[in-house]
Amino acid sequence: MSEEKQTMEDFEDEINASFVKFEEGDIIQGTAVSVEEEEIIVDLQSFSQGVIPSEQYSDDPDFRAMDEIRVGDVLRVMVMYEDEQGRTVLSLKQAKEAESWEILRKARQERTLYEVRVKSTVNAGVIAYIEGIRGFIPASQLALHYVEEEELESYVGRLLKVRVITADEEADKLVLSAKDVEKEEAVKAHEAKLNALQKGFVTEGTITRIESYGCFVDIGEDLTGLVHISQICNKFLKSPKEAVHLGMKVKVKVLDAADGKIRLSMKQAEDIAPEIGKEQGDSGKEAALEYKDEEATTSLAGLLKGIQLE
């Protein structure tokens with residue numbers, strides 16, 4: 001008797017559910033019972049059959065219903081209106097949109113990393129989709145260097161790592177940045193290179209800048225260090241220009257690499273520049289010639305080889 005009563009109660013629940021009236025804008029769930037490219041039929045557990053027309057699938061041009069959805073899938077949809085056949089017209093994309101904007105707002109706050117494929121170009125940028133929402137990547141946010149208008153077409157089809165920098169649902173504005181990700185990766189790579197530098201490491205570099213207090217030496221791999229005037233040679237110098245010049249190749253020893261700065265020494269690397277050799281007579285000349293033929297202990301590229309730079 002109790003089983004019969006339970007069955008009747010279940011039956012009554014189903015009947016009551018079938019007469020539920022949906023309102024425009026409601027977000028509801030239904031089960032896909034038929035999936036076609038033109039429309040998806042949805043069981044709403046109601047007297048009214050649900051239908052999703054193809055234009056309400058997604059804004060993503062690559063979305064294919066028959067690839068993305070299977071019969072039996074439970075779908076989250078938004079109620080649009082009732083058509084002439086009495087069916088409830090639904091929107092997959094608008095339900096997804098409401099949910100997607102919330103996800104994107106959170107992604108902006110948490111700096112979530114996405115990988116997107118560029119779909120097309122527009123004036124001053126390109127288009128890519130995240131969570132089904134059309135996103136704009138300005139040319140100024142495509143790379144660390146500025147991308148010219150004529151270069152934009154070469155980005156179509158390319159995969160980019162991006163972050164959300166603007167997510168404004170009311171203005172329907174989603175702005176993405178690949179530059180932001182590249183900048184962060186460049187900083188990490190630079191830090192990894194700095195950490196790999198060993199105190200006492202000797203290599204060659206090129207003088208790129210001279211100041212009253214010393215000179216800056218490019219040692220490769222986008223790393224530049226300072227040789228203080230007291231570390232240029234064993235002779236007292238009033239100005240670094242007495243011993244070095246721009247573009248000069250020198251041997252340097254790493255004294256320290258901390259807080260993003262590299263301190264170098266020429267004199268501790270026993271680097272005897274030709275200019276200094278001239279001033280020090282025959283012994284200096286011999287030493288300069290010896291230096292000229294001598295190679296640096298190793299190259300920076302050799303030191304960094306095998307080190308994982310993230």
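How do the residues of the lining of the second largest pocket divide into nonpolar, polar and charged? They divide into 5 nonpolar, 1 polar and 5 charged. Here Ala, Val, Leu, Ile, Met, Phe, Trp, Tyr, Cys and Pro count as nonpolar, Asp, Glu, Lys and Arg as charged, and the others, Gly among them, as polar.

The model is predicted: local features need pLDDT of at least 70, side-chain atom pairs count only at pLDDT 80 or more, and totals for chains, interfaces and linings use all residues. Residues are numbered from 1 along each chain as its sequence is written, and side-chain values use heavy atoms, with hydrogens and water left out.

The chain contains 7 helices and 16 strands. These are DSSP runs numbered from the N terminus (helices, H or I, at least four residues; strands, E, at least two). Of its 310 residues, 38% count as buried. Buried means under 20% relative accessible area, exposed over 50%, and partly exposed in between (1.4 Å probe, protein chains only). The accessible surface of the chain is about 18500 Å², and 46% of that belongs to carbon and sulfur atoms. Accessible areas come from the Shrake-Rupley method with a 1.4 Å probe; for residues, only the protein chains shown count as cover. Among contacts between residues at least 6 apart in sequence, 59% join residues at least 24 apart. A contact means heavy atoms within 4.5 Å.

Pockets were located on a 1 Å grid over the protein atoms alone: a pocket is an open set of points where a 1.4 Å probe fits, with protein on both sides within 12 Å along at least five of seven lines, and lining residues have an atom within 4 Å of a point. Grid points are joined across faces, edges and corners, and a volume is the space filled by probe spheres set on the points.

The largest pocket holds about 350 Å³ of space. It is lined by 19 residues, of which Tyr-57, Ser-58, Phe-63, Leu-92 and Lys-96 are the closest to its centre. Strand 4 (74-82) and helix 3 (92-110) each give at least two residues to this lining. Helix 3 has the largest share, with 7 residues. By class, the lining of the largest pocket has 7 nonpolar, 3 polar and 9 charged residues.

The second largest pocket has a volume of about 190 Å³. Its lining includes Asp-59, Glu-97, Ile-127, Asp-172 and Lys-173. Strand 9 (133-138) and strand 11 (173-177) are the elements that give two or more residues. Strand 9 gives the most, with 4 residues.

The structure holds 12 salt bridges. A salt bridge is a side-chain nitrogen of Lys or Arg within 4 Å of a carboxyl oxygen of Asp or Glu. Asp-83 pairs with Arg-87, with the closest N and O atoms 3.0 Å apart. Both of these residues are buried. Glu-169 and Arg-105 meet in another salt bridge, at 3.2 Å from N to O. This pair links distant parts of the chain: Glu-169 lies in the loop between strand 10 (159-168) and strand 11, Arg-105 lies in helix 3, and the two are 64 residues apart. Glu-169 counts as partly exposed because its relative accessibility is 37%. Arg-105, at 28%, also counts as partly exposed.

Arg-209 forms a salt bridge with Glu-211, the closest N and O atoms being 2.9 Å apart. Arg-209 is partly exposed at 39% relative accessibility, and Glu-211 is partly exposed at 29%. Salt bridges with shared partners join Arg-111, Arg-163, Asp-180, Glu-184 and Lys-188 into one network.
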